[in-house]
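Reader: I'm new to this one. Can you walk me through it?
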Amino acid sequence: MLRRLLLTVALVVFAATPAAQATTSVTLVFTSYTTITKTHDKPPRGKANAGDTIEFKDLLVATDNQLGKKKGKPIGYDAGTVVYTSATKQEIEGVTTFPGIGTLTFGGPMKTMKDGTVHVPVVKGTGSFKGAKGILIIGEGSQKAPNTYVLRLPHPIPLPGSA
């Protein structure tokens, strides 16, 4: 009898607990145009080595109609720093800003994949991107490159002016 009562109480408590909120998967693709780079080359100069840094700023342009912007229109910008931890390994820290929408902070090791892309963790977001986690995939290119954000959000992205 006591066992049945405990089982019933456990089932009632379980049923009353709200289900975990489902996550929303979002993929955003932009063309990144380098606007500013500033290289700090530590000795020995002229070759990559630990301690070298590159500061950058990029303009992001929509590759499709997304986040309330039409294809080909500026949608945001990013800025950050690449730090060489050795001659062949780098870490990056940066923030992507989408004015009026929110920001995405990315950072950590820059992992080069077999297809030539570089993967970087997206560690947090603000505004419409609050709670975001995921990966920033940086495509090949020196002055122009595709940037793809593959995100998991605890909610759909609310855009300014939408209710």
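Predicted model: local features only at pLDDT ≥ 70, side-chain atom pairs only at ≥ 80, totals over all residues.

Reader: How many helices and strands does the protein have?
Author: The protein has 1 helix and 9 strands. Helices (H or I, at least four residues) and strands (E, at least two) are DSSP runs, numbered from the N terminus. The order along the sequence is α-β-β-β-β-β-β-β-β-β.

Reader: What share of the residues is buried?
Author: Of the 163 residues, 33% are buried. Buried means under 20% relative accessible area, exposed over 50%, and partly exposed in between (1.4 Å probe, protein chains only).

Reader: Which residues touch the most other members of the largest nonpolar core?
Author: Leu28, Phe30, Leu67, Phe98, Leu104, Phe129 and Tyr149 do, in a core of 25 residues. Such a core is a set of buried Ala, Val, Leu, Ile, Met, Phe, Trp, Tyr and Cys residues joined through side-chain atoms within 4.5 Å.

Reader: Which strands supply at least two residues of this core?
Author: β1 (24-40), β2 (53-62), β3 (74-84), β4 (90-98), β5 (102-109), β7 (118-125) and β9 each do.

Reader: What does Phe129 touch?
Author: Its contacts (heavy atoms within 4.5 Å) include Leu28, Leu67, Phe98, Leu104 and Ile157, not counting residues up to four places away in sequence.

Reader: New topic. How many bridges join β8 to β9?
Author: There are 6, and the two strands run antiparallel. Strands pair if DSSP finds at least two bridges between them. Ile135 stands opposite Val150 in β9. β8 and β9 form a hairpin with 5 residues between them, and Gly141 in the turn has a positive phi of about 145°.

Reader: And how do β7 and β8 run?
Author: Antiparallel, joined by 5 bridges; β8 spans residues 133-138. Val120 has Leu136 in β8 as its bridge partner.

Reader: Where is Asn147?
Author: Asn147 sits in β9, residues 144-153.

Reader: Why does Asn147 count as buried?
Author: Because its relative accessibility is 4%. Leaving aside neighbours within four places in sequence, Asn147 is in contact with residues including Leu28, Phe30, Asp78 and Leu136.

Methods:
Residues numbered from 1 in each chain as written. Heavy atoms only, no water.
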